[in-house]
Amino acid sequence: MIATAGCVASDSAEVKLDTLHQLHRASLFNYLVKLTLGDRLLAEDILQETFLRAWRHLLRDEAADIEIFRPWLFTVARRLVVDMLRARRARPTEVMAEDLTRISAAEDRIDEVVGAHTVQEALRQLSVEHRVVLLELYFHGRSPTELAVLLNVPLGTVKSRAYYAKQALRAQLDR
């Protein structure tokens, strides 16, 4: 038995992992290089994570048949690539600027963010009827007639709600 990071690994799990690595490393690596569009370093990282998960799986289930483990490895590897792509989309790309004086002040969008947040907070303070009318008319681009049909109210009611909703929103923003 081998003790590793708080886990006790059996010799059979180690042997099975070694066998899996010998049998499938090359083809799995080539598959990952294609999935990562030729990024060999990233493919190697994902390959290591895949085999780490295989090792953990073998520790839990020592009766696992490594003869049918290949599809599992490829599925885990593909899911790791998908997770990595999702994480990249969720996080903005990091950019290092050598000379901060070259960045124009026009790129500073904090005022827009603060303004958007302020409008969101003001909209939350409005009644549901007023909020719905403003959102549908100005953010979703519906016409008053379309909105009247959608809400099943007279056209005059939509216009009246829009008028009073704008007044209430201005009052919230002036605070």
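Visitor: Which residues does threonine 50 touch, not counting residues up to four places away in sequence?
Guide: This is a predicted model, in which local features need pLDDT of at least 70 and side-chain atom pairs count only at pLDDT 80 or more, while totals for chains, interfaces and linings use all residues. Residues are numbered from 1 along each chain as its sequence is written, and side-chain values use heavy atoms, with hydrogens and water left out. If contact is taken to mean heavy atoms within 4.5 Å, the residues that threonine 50 touches are Leu28, Leu73, Val76, Ala77 and Leu80.

Visitor: Is threonine 50 buried or exposed?
Guide: Threonine 50 lies in helix H2, where helices (H or I, at least four residues) and strands (E, at least two) are DSSP runs numbered from the N terminus. The classes rest on relative accessible area, with buried meaning under 20%, exposed over 50% and partly exposed in between, for a 1.4 Å probe and protein chains only. Because its relative accessible area is 0%, threonine 50 counts as buried.

Visitor: Which residues does histidine 24 touch, again not counting residues up to four places away in sequence?
Guide: Histidine 24 has its place in helix H1, which covers residues 11-35. With a relative accessible area of 8%, histidine 24 is buried. Beyond those sequence neighbours, histidine 24 touches Arg70 and Leu73.

Visitor: In what order do the elements of the protein chain run from the N terminus on?
Guide: The protein chain has seven helices and two strands. Read from the N terminus on, these elements run β-β-α-α-α-α-α-α-α.

Visitor: Which element of the protein chain has the lowest mean pLDDT?
Guide: The protein chain averages a pLDDT (the predictor's confidence in each residue, from 0 to 100) of 82, and 85% of the residues score at least 70. Over residues 1-8, however, pLDDT stays under 50, and the model has twelve contacts beyond four places in sequence for that stretch. Where pLDDT is low, the predicted coordinates should not be read in detail. Among the elements, helix H2 (residues 40-60) has the highest mean pLDDT, at 91, whereas the lowest, 44, belongs to strand S1 (residues 2-4).

Visitor: How is H5 oriented relative to H7?
Guide: Two packed helices are described by the angle between their axes and the distance between the axes. The axes here are lines fitted to C-alpha atoms, for helices over the stretch in contact, with angles running from 0 to 180 degrees between N-to-C directions, and angles under 35 degrees count as roughly parallel, over 145 as roughly antiparallel, 65 to 115 as roughly perpendicular and the rest as oblique. The axes of helix H5 (residues 128-139) and helix H7 (residues 155-174) come within 8 Å and cross at roughly 100°. H5 is therefore, relative to H7, roughly perpendicular.

Visitor: Which residues of H6 and H7 make the contact between these helices?
Guide: The axes of helix H6 (residues 144-151) and H7 come within 8 Å and cross at roughly 110°, so that H6 is roughly perpendicular to H7. The contact is made by Pro144, Thr145, Leu147, Ala148 and Leu151 of H6, and on the side of H7 by Leu155, Val158 and Arg161.

Visitor: What angle lies between the planes of tyrosine 163 and tyrosine 164?
Guide: A search of the whole structure finds three aromatic pairs, a pair being rings of Phe, Tyr and Trp (its six-membered ring) with centres within 6.5 Å, where planes under 30 degrees apart count as stacked, over 60 as edge-to-face and the rest as tilted. One of them joins phenylalanine 69 and tryptophan 72, a tilted pair at 4.8 Å centre to centre with 45° between the planes; phenylalanine 69 is buried at 4%, whereas tryptophan 72 is partly exposed at 28%. Tyrosine 163 and tyrosine 164 form an edge-to-face pair at 5.0 Å centre to centre, and the angle between their planes is 80°.

Visitor: What is the phi of leucine 37?
Guide: Most residues other than glycine have a negative phi, and most peptide bonds are trans. Leucine 37 is found in the loop between H1 and H2, and counts as exposed because its relative accessibility is 79%. Although leucine 37 is not a glycine, its phi is positive, at about 55°.
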